[in-house]
Amino acid sequence: MRRARSFIAAALAALWLAGAGAQGLRPEIGRPLQQAGALLKAGKAREALAKVREAEAVAHQSPAEQLTVARMKAAAAQRAGDNAAAAQALEALAAHQSGPELGQTAAQIAASYAQMRNTAKTQEWVDRAIHAGYDGADVRQLQSWLRAASGDYAAIARDAAAAVAAAEQAGRKPEEAELLRLADAQQRSGNAAGRLATVNKLLLDYPKPAYWSAALAGLQRSSGFSDRYTLDLMRLRLASGTLSRSEDFMEMAQLALQARLPAEALAVLDQGYKQGALGSGPGAARQQRLKDLALRQLAQQKQALPAQTAEAQKLATGDELVRVGYAWVTLGQDAQGIALIGQGLAKGRLEHPGEARLHLGMAQLQSAATRASGVATLRSIHGSDGAADLARLWLIAPHP
């Protein structure tokens with residue numbers, strides 16, 4: 001709204017500079033108004049408003065002079081952020097307008113009152129704008145502000161959802177502002193599932209780190225999310241570029257070691273060093289010790305993993321095959337790892353089948369040759385423990 005008012009102010013000033021002298025103004029009015037126009041053009045709004053007030057103080061003004069002064073006062077006041085003066089000047093103009101012109105002026109007046117947090121006057125001038133046939137985006141934003149001021153977030157959510165749906169049905173990307181408005185209203189009205197779905201749309205269309213952080217934090221706090229997926233959540237933070245603190249890199253590396261995935265732990269630490277989050281300060285020695293531990297465990301795993309794989313194939317259940325399969329994936333042996341995870345799923349009797357399918361899908365996404373299969377695997381995951389939500393996020397996450 002402020003940007004629109006600045007544009008309107010500049011336009012009004014330009015009109016004055018182009019034609020003020022032709023309007024038959026007396027010099028004691030015309031001269032300070034011309035000076036105000038020049039000051040506005042130079043970006044000196046407060047000084048311009050002072051000059052307009054000089055012209056405004058001249059007695060016995062004609063109707064034409066009053067309107068010209070009001071136009072310049074509205075322009076200068078809007079630029080200067082003097083909402084009360086802007087509203088007063090715009091109301092003087094509105095008294096002489098009708099139709100679409102009145103509608104646009106009424107919207108500006110409503111915006112000025114909204115800046116002053118005067119909901120009653122905002123509503124009055126929004127109604128007048130609509131009655132005059134004007135229903136621009138600024139009016140819709142003001143309506144949303146009024147609903148928010150009244151606490152009617154359900155109505156805001158309905159309006160925003162309708163705007164998002166209309167854009168999608170027309171084959172367009174929804175406006176970022178509408179998605180943000182919808183997510184905020186859903187959060188304030190307690191619709192956690194709806195907010196998560198909206199944030200996912202934001203990630204798909206506007207993949208900013210801030211939205212990834214919000215989505216992952218919301219997922220971790222959601223009802224039913226299992227702590228078993230903490231490492232998986234951190235994998236998404238790493239992939240989305242939202243893992244940045246030294247303690248986060250350390251925690252993720254430690255979780256990977258606990259999961260018997262030293263290659264992944266080492267990759268996480270290396271990324272931390274690359275980003276400058278590790279390797280300096282009072283924690284540098286501890287960080288190096290963890291890296292040394294990861295290197296030792298990696299050397300041991302490379303020797304032991306073939307035998308562990310053979311043993312896992314002998315077991316009646318598939319859990320150990322899934323584990324060693326994903327270990328092979330972290331070692332860069334995607335095809336072998338994917339095959340072993342698939343064997344584990346085929347054996348059945350898994351303790352956490354959703355987790356197994358999640359890791360299979362994540363592994364399949366690593367290669368262009370198996371990416372389509374990975375998408376299908378991730379889409380097949382259901383449940384409420386977090387696996388399905390993580391799978392949906394992997395479908396839109398950055399990947400090699």
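**View 1. Helix α6 within the predicted model.** Twelve of the 17 residues of α6 are buried, so this helix is largely enclosed by the rest of the structure, which is a predicted model. The buried residues of α6 include Leu102, Gly103 and Thr105, together with Gln108, Ile109 and Tyr113, and among them are also Ala106, Ala107, Ala110 and Ala111. Helix α6 covers residues 99-115 and reaches 25 Å from its first C-alpha to its last, a span close to the 24 Å expected at 1.5 Å a residue. After α6 comes Arg117, whose phi is positive, near 60 degrees.

**View 2. Gly136 in the loop between α7 and α8.** Gly136 is placed in the loop that lies between α7 (119-131) and α8 (137-150). With a relative accessible area of 14%, Gly136 is buried, because buried is the word for residues under 20% relative accessible area.

View 3. Just after α9, Gly171 takes a positive phi of about 80 degrees.

View 4. The structure holds one aromatic pair. Phe225 and Tyr229 form this pair, which is tilted, with 6.3 Å from centre to centre and 55 degrees between the planes. Both Phe225 and Tyr229 are buried. Another ring, that of Tyr273, has Lys291 lying over its face, at 5.1 Å from the ring centre.

**View 5. Confidence along the chain and the stretch of residues 1-22.** The mean pLDDT of the protein is 90, and 94% of its residues reach 70 or more. Over residues 1-22, however, the pLDDT is below 50, although this stretch has 37 contacts in the model beyond near neighbours in sequence. Where pLDDT is low, the predicted coordinates should not be read in detail.

Methods: Residues are numbered from 1 along each chain as its sequence is written. This is a predicted model: local features need pLDDT of at least 70, side-chain atom pairs count only at pLDDT 80 or more; totals for chains, interfaces and linings use all residues. Side-chain values use heavy atoms; hydrogens and water are left out. Helices (H or I, at least four residues) and strands (E, at least two) are DSSP runs, numbered from the N terminus. Buried means under 20% relative accessible area, exposed over 50%, partly exposed in between (1.4 Å probe, protein chains only). Rings of Phe, Tyr and Trp (its six-membered ring) pair if their centres lie within 6.5 Å; planes under 30 degrees apart count as stacked, over 60 as edge-to-face and the rest as tilted. A charge sits over a ring if NZ of Lys or CZ of Arg is within 6 Å of the ring centre and within 35 degrees of the ring normal. pLDDT is the predictor's confidence in each residue, from 0 to 100. Contact means heavy atoms within 4.5 Å. The expected span of a helix is 1.5 Å times one less than its number of residues.
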